[in-house]
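Here is a short report on side-chain packing and pockets. Please keep the sequence and the model in view while reading.

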Amino acid sequence: MQFTHLEIYQVDASKRGNWIFVQLHTDAGLSGLGEASQSGNDGLVIAALQQLGPQLKGIDPTQVEAIWERLARGSAIFSGDAGRIGATALSAVDQALWDLAGKAMDVPAWKLMGGKRRDKIRFYANLNRGTDDRSPLGFANAARRAVDAGFQAVKSTPFDEMQWRRMDRDGFARDTERGIERLVKTREAIGDEIELLVDCHQRFDLATAFKVAEKLSPLNLYWFEEPVPRHHVDALRQLRLHSGQTIAGGEALIGREGFWDYIVQGAVDVLMPDVKHAGGITECRRIAALAEMAQMPIAPHSPAGPVSTMAGVHLAATVANFTVLEHAFGEVAWRGELVRPAENIVDGFVTVPDAPGLGIEFDEAVLTAHRLS
């Protein structure tokens with residue numbers, strides 16, 4: 001079996017951005033799916049995928065890790081020359097190669113990775129993309145909808161109006177209190193038994209982060225994600241050691257090299273590699289292994305479409321230090337129907353599939369209805 005060509009799909013997901021999917025085709029009639037959404041520039045990531053396609057022509061797509069090494073070296077992604085765009089393109093191809101290899105050998109991708117450690121994967125609902133009403137009550141209602149759908153953990157992004165570089169403006173303190181009010185209302189709406197996660201989107205300086213962390217202490221947060229800019233490793237470490245909050249981060253880091261300082265310096269309690277950007281399933285497994293040596297759990301970042309979510313499911317099934325996987329809740333009503341079998345989350349969990357590869361295919365009718373190109 002040899003690779004023949006690469007196909008790219010842009011899907012109109014929502015006002016917050018499109019989904020970008022890749023499909024690798026072979027001369028045996030098999031194909032593999034990957035996802036390259038949320039690179040920061042859809043046009044550039046599509047161009048990068050188009051450049052990777054010819055490098056795959058004629059090769060045996062079942063040699064997944066060997067191909068990864070060749071592509072990564074060839075593009076200098078992990079020496080910093082290609083950055084997020086190149087890493088996202090490589091990550092999508094890597095996901096698709098695991099899908100193809102599993103189909104070629106008629107086994108699920110997790111079996112090729114050494115076997116699954118768990119039969120079900122726990123999700124948390126990221127509410128950001130499905131929350132149009134940004135009032136405190138709107139945040140609370142969005143969380144309640146996710147809980148009613150069975151999720152036992154929800155993530156809020158209540159501080160997006162803030163920016164630590166603009167602390168001199170009149171509304172800074174007001175927006176801080178408004179963000180806290182959103183979380184208070186959310187906790188009241190979901191009760192004490194549901195896990196409440198907070199993504200701060202790097203909005204604070206260190207002093208403000210400590211103040212907010214203290215004010216949020218009564219809400220018993222599951223974690224306090226990226227409160228300060230992610231490259232401020234020492235500031236993150238100080239928050240981890242002294243804020244009383246569980247610190248999570250790393251969603252935009254690339255490759256083992258990108259995660260190294262976080263791991264060896266203990267910057268966070270929970271590491272968040274993204275299978276779309278960190279280097280695909282292959283590199284995320286290596287990152288997880290490094291984190292495991294530091295007794296650091298991983299919670300893969302994944303607020304995108306159903307293909308990268310399923311790639312994350314196979315990753316989560318196979319690593320020892322997995323804790324919870326992200327799900328973009330409420331972004332589009334037809335999300336679950338884009339793939340077959342349909343995405344099926346029950347009580348906040350998805351069953352690890354036993355079908356070959358990633359275990360999903362596109363529903364052609366749904367894909368066609370929402371495809372841009």
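## Largest pocket

What volume does the largest pocket have? It comes to about 480 Å³. The model is a predicted one.

The lining of the largest pocket counts 28 residues. Closest to the pocket centre are R129, H201, E251, H301 and P303. Strand β2, residues 17–26, supplies the largest share of the lining, with three residues.

## Aromatic pairs

How is a pair of rings described? The distance of the centres and the angle of the planes are used. The model has nine aromatic pairs. F151 and F329 have ring centres 5.5 Å apart and planes at 75°. An angle over 60 degrees counts as edge-to-face, so F151 and F329 form an edge-to-face pair. This pair links distant parts of the chain, 178 residues apart. F151 lies in the loop between α5 (136–148) and β5 (153–156). F329 lies in the loop between β10 (325–328) and β11 (339–340).

F151 has 4%, so it is buried. F329 has 17%, so it is buried too.

F159 and F204 form another edge-to-face pair, with 5.1 Å between centres and 70° between planes. F159 sits in the loop between β5 and α6 (172–190). F204 sits in the loop between β6 (195–199) and α7 (206–215). The two are 45 residues apart, and the pair links distant parts of the chain. Both F159 and F204 are buried.

## Ring cluster and charges over rings

Ring pairs also build a cluster. Its members are Y9, W19, F21, W334 and F362.

Two charged side chains sit over rings. K120 lies over the face of F349, 4.8 Å from the ring centre. R286 places its charged end over the ring of W68, at 4.7 Å from the centre.

## Nonpolar cores

The largest nonpolar core holds 109 residues. Which of them touch the most other members? They are L24, L49, I121, F159, F224 and L271. Helix α3, residues 83–105, gives the most to this core, with 10 residues.

F224 shows what such contacts look like. Beyond its neighbours within four places in sequence, F224 is in contact with V198, C200, F204, A209, V212, A213, L216, Q245, T246, I247 and A248. F204 on that list is also the ring partner of F159. A second, separate core has nine residues, among them Y124, A153, A248 and V324.

## Two buried loop residues

G348 lies in the loop between β11 and β12 (349–351). Its relative accessible area is 2%, so G348 is buried. Leaving out residues up to four places away in sequence, G348 touches I121, R122, F123, G150 and F151. F151 is a member of the pair with F329. G348 and I287 are 61 residues apart in sequence, and their C-alpha atoms are 25 Å apart.

S302 lies in the loop between α10 (280–293) and α11 (306–318). Why does S302 count as buried? Its relative accessibility is 1%, and the cut-off is under 20%. With residues up to four places away in sequence left out, S302 touches D274, K276, S308, T309, L325, E326, H327 and A328.

Terms used
Residues numbered from 1 in each chain as written. Predicted model: local features only at pLDDT ≥ 70, side-chain atom pairs only at ≥ 80, totals over all residues. Heavy atoms only, no water. Phe/Tyr/Trp six-rings, centres within 6.5 Å; stacked < 30°, edge-to-face > 60°. Helix = DSSP H or I, 4+ residues; strand = E, 2+ residues; numbered from the N terminus. Buried < 20%, exposed > 50% of the residue type's maximum accessible area, 1.4 Å probe, protein only. Lys NZ or Arg CZ within 6 Å of the ring centre and 35° of its normal. Core = buried A, V, L, I, M, F, W, Y, C linked by side-chain atoms within 4.5 Å. Contact = heavy atoms within 4.5 Å. 1 Å grid on protein atoms, 1.4 Å probe; cavity = no way out; pocket = protein on both sides within 12 Å on 5 of 7 lines; lining within 4 Å. Points joined across faces, edges and corners; volume = space filled by probe spheres on them.
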